[in-house]
Amino acid sequence: MSGSVVPVTLYAQSTTGSVYGSVTAAQGDNILIQGAGVNRVVSIDASGRYSMGSLPVGTYKLTLRKGDQIVSTRSDVELRVNTGTEVSFGDAAELGTVTVHGTRSAALDMSSVSSSSVVTARELAILPVGRSAEAIALLAPGAIQSAGVFTGPTGTSLVSLGGASVTENAYYINGLNTTDPISGFGGITLPYGAIDQQEVLTGGYGAQYGRADGGVISQVGKRGTDEWHYGFSAEWTPASLRSDQTDIYYPNNGRTTDGKIYQRRSGSSNYQTRYSAYAGGPLIADRLYFFGAIEGARQAGNSVASTSYGYNTEYAYTDPKAYVKLDWHINDNNLLEFTGIKNKHQYSGIQYDYDSTTGTTGDFLAYDTHTKVNATDWVSKWTSYLTDDLTFTAQYGRQRVNYASVTPGLDNSLTYVSNITNQNLALTPDGEYVSSAQTSAYADNTSKVAGVKDLRLELNWKLGNHDITVGIDNHDTYDYNDGDTYSGSGYIWSYGYDTSGAYLVGDDSSSTVWVDPVPASANGYYVSKVTYSTSASVEVRQRAQYIQDNWQFTDNLLLSLGLRNDQFTNYNSDGQAYVRLTTPQWAPRLGFSWDVKGDQSMRIYGNAGRYYLAMPTSVALRGASGSLYTTEYFTYTGIDSNGIPTGLTAIDSSTGGAVSANNEYGQAPDAATVAASSLEAQYQDEYMLGFGSKLGDTSWVYGAKATYRQLKNAIEDTCDMTTLSAVATEKLGYDVDLAADGYGCLLFNPGKTNTFRVANSSGGYDSFTVTSDELGMGKAKRNYKALELFLERPFDGKWYAKVDYVWSKLQGNTEGQVNSNTGQDDVSMTVDFDYARLMEYSNGYLANDRRHTLKAYGSYQLTDEWLLGANLTVASGTPKTCLGYYGTDQSAAEYGTYYHWCAGKPSPTGSAGRFPWSEILSLSAEYRPEWGKKRLAFTGMVYNVLDQQRVTRWYPYYGTSSSVNASYGRTMATTAPRYFRFGVQYDF
């Protein structure tokens, strides 16, 4: 008999699961489903099949009945988020009034065409992973740790999913989109102890899902049950058992700093504590349920800066979180849910003088900039089972995030000084590098606030063999009072060194923007005065409509047919739309799942889909709102005790003073001209094909999956006003000088023919087209190929194990919205595609390319009291990139040392070698003694048992052949050192 059924629709933002199965003919006519406050009856159809969706995750009892007479029951059925759980009732001889316990989610989910991994609270309790959503996500195949340069709003290091950049993921809590509303860097997450399940989706989503072409990290919080439960826990990660970080030394580049220490990281240390408590149960029996959790995390210690700065910061991070969940079962057909989440992330630090030679800390220097992120999220959801076949859901939620950045005792009479290792030591006091007493480059900002408004309406209709869902998905983000201004008088001093004789900016005096070479009398030493200021309030509105049909085409074949339409509108600080993408952006989602043998033992599935991605609010801060970003170059004859240059002589430039490569002189750009009028949204196509199968008569399952992702369109900015002006002049028939008219960098689609607008003398606009050949740049490319192999043994009360191996290749000329090689976080406005010469030899292996990744984790119930866990990740290194001055003559061109040339030779992306392999093994143990009635538990974990500290990021800027940058090839990040974590937990 076939076990296939008409599936129920699930999706990436889902907080629910489903149950389905089959019954031997004439044994019963309905199934009673009870659990998580739910009491639902579902009929069995003529073919002996049943299904029920939109069920809150949790543990259920299913009762097969004939009329009101009980025939058989299945207890302890665990529903997992976004997953169908198969529960069938066998032949007549197997039925009768019997109870079967311990049913878990099917290892092979025949009702799904997506690629996802779900980790439950019980698994999180024993697996040795970090206490963050991203650390949990790294258990999923296709998830890799980013280079460590980008962090989320609460300070966590971010992950790349399926080859995409870190800003192309989405975060959800109980269905609310909690992704960073400013730039898409991470998102708000639950207290660790409040996580019921975390799902990581890396492909194959239905049409209900959008706004991410990397992956989704979706958390479902715990909820109250029929009995009251309370508990608390405490964890401690002691500094004394944390291994020292390896020190960083200058590489051998033929400079006076060769082999000298750059940063004595072994002098840094920290400890961590985490306390939490929870309570949950019925406020009104069978109707109103409550769950609440609080958590307080703290990390404190010291961090030794590089020798050029010479200070030691004593710091503290505090991260309090709170979570509340209410479930009101108004009646058996209506459920009203409310979720509230509170996150704070605070940093404070004090800087002291530090002697790297002796490793001693000296006198107080200054207060570091104190920061605070304060996020409040809430979401309400109403589910109404209108009939057995018709379900309506309505969800509305809000997020508000306040930001503060304050430096205690900030003295605006002082100026910040950077790049002091380029100072001429012959001109400094005592012949040593001199930094300023001003420790913050930026002025205080306490008025910044950002947030989200989310609305989703959805109707699900089971019609024969079809499960049809239609809905709308609205998502608005805002960012108010955002921007940065340099401290002091609004500028900083930045030292430089260049003996190449090339122009500091531009090729020569015929360039639109140019700065003369450093005069020979200065011996290559110069200083630049950099002025920077931005401030704006901006918004993005996103709308979507979708229809999804999960069609049980035959008993064994499920077809998933979906279509989504996205619309994006971006507004500048004046409330004007500078990008309006509201014409249909059709995103088809087509998939299938084939129960090959008809007995749930082997599954072949596939999926093809298109995914659109909007630009976040941050693009408008510099791209569509007024910004000031200029640089003025000088030689100097002295440096005072605060690091300030003296005896300044200006180096001639195209303006006779300060220049801006991107024409950012403080003017507000015209909303009608900052982006190509023909602009199209970023989108990616994805194809998956996979299978899963039971291994003989065992409980083991194995399988494979192939994935191909191709970036089809991207949005970037181009700053080549010279070329654009020449094309406009030729096609419009009159002289056009965009730079002189105040135009800055313009948003466009690389590789396509773009239409731009220029203001004319009549008060209107003239349009002209620019081909990719005219700009001298090809299209944006990012191709991800992956093959996954897996083997899994479900938990049987004794042990559980899963092994994943992924071979992947990530190639192209753009990482996506950000650039890990340079650490640039200007979303959709990186240096890529600014000028044609920046893209020469840019095609290669991208920063998130890992050829081989092996993940193995599991648990073993050693005795009734002892439970052991292990987690192993073995990964090949990511590629290295070398950036230098342009061409064989190593010209500064437009951007200095940002070109894919090294020592006068072409240097494609990722061609400078590979970082080393890493093998991270972590172990854990839980002791739950009988004398504590199994309510008390002691836990221990050791992360990175082998204490491997492998390099994951380096300084990529080569300099020139005659003057190699002293830091080229210097380590910038490594894998975390070994540490131990101990805990105690008690549940009432």
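# Briefing: a mixed sheet, a helix and a buried arginine

In this structure, 5 strands form an open sheet with mixed pairing, in the order 26-29-30-36-39. Strand 26 (417-418) and strand 39 (649-650) are the edge strands, each pairing on one side only. The model is predicted.

- Strands of a sheet pair through backbone hydrogen bonds, in either a parallel or an antiparallel manner.
- Strand 29 (residues 491-497) and strand 30 (residues 525-534) run antiparallel and are joined by 7 bridges.
- Trp493 has Lys529, in strand 30, as its bridge partner.
- Strand 36 (residues 627-635) contains Thr631.
- Thr631 counts as buried because its relative accessibility is 15%, under the 20% cut-off.
- Not counting residues up to four places away in sequence, Thr631 touches Ser528, Lys529, Val530, Gly657, Ala658 and Val659.

**Helix 4**

- Helix 4 (residues 721-732) has 12 residues, and the distance from its first C-alpha to its last is 16 Å, close to the 16 Å expected at 1.5 Å a residue.
- The buried residues in helix 4 are Met721, Leu724, Ser725, Val727 and Ala728. They lie on the same side of helix 4, because the arc they cover around the axis is only 165 degrees.
- An α-helix has 3.6 residues a turn, so residues three or four places apart point the same way.
- The cover over the buried residues of helix 4 includes strand 42 (716-718), strand 43 (746-748), strand 44 (754-759), strand 45 (765-770) and helix 5 (772-775).

- Arg265 is located in the loop between strand 18 (261-263) and strand 19 (269-284).
- With a relative accessible area of 8%, Arg265 is buried, as this value is under the 20% cut-off.
- Leaving aside neighbours within four places in sequence, the contacts of Arg265 are Gln245, Thr246, Asp247, Ile248, Gln949 and Thr974.
- Two of these residues also form polar contacts with Arg265 through their side chains: the side chain of Gln245 at 3.3 Å, and the side chain of Thr974 at 3.0 Å.
- Arg265 and Leu854 are separated by 589 residues in sequence, and their C-alpha atoms are 29 Å apart in space.

Terms used: Residues are numbered from 1 along each chain as its sequence is written. This is a predicted model: local features need pLDDT of at least 70, side-chain atom pairs count only at pLDDT 80 or more; totals for chains, interfaces and linings use all residues. Side-chain values use heavy atoms; hydrogens and water are left out. Helices (H or I, at least four residues) and strands (E, at least two) are DSSP runs, numbered from the N terminus. Buried means under 20% relative accessible area, exposed over 50%, partly exposed in between (1.4 Å probe, protein chains only). Contact means heavy atoms within 4.5 Å. A polar contact is a pair of N or O atoms within 3.5 Å; within protein, one must be able to donate a hydrogen and the other to accept it, and residues adjacent in sequence count only if both atoms are side-chain atoms. Two strands pair if DSSP finds at least two bridges between them. The expected span of a helix is 1.5 Å times one less than its number of residues. The arc is that of the directions from the helix axis to the C-beta atoms.
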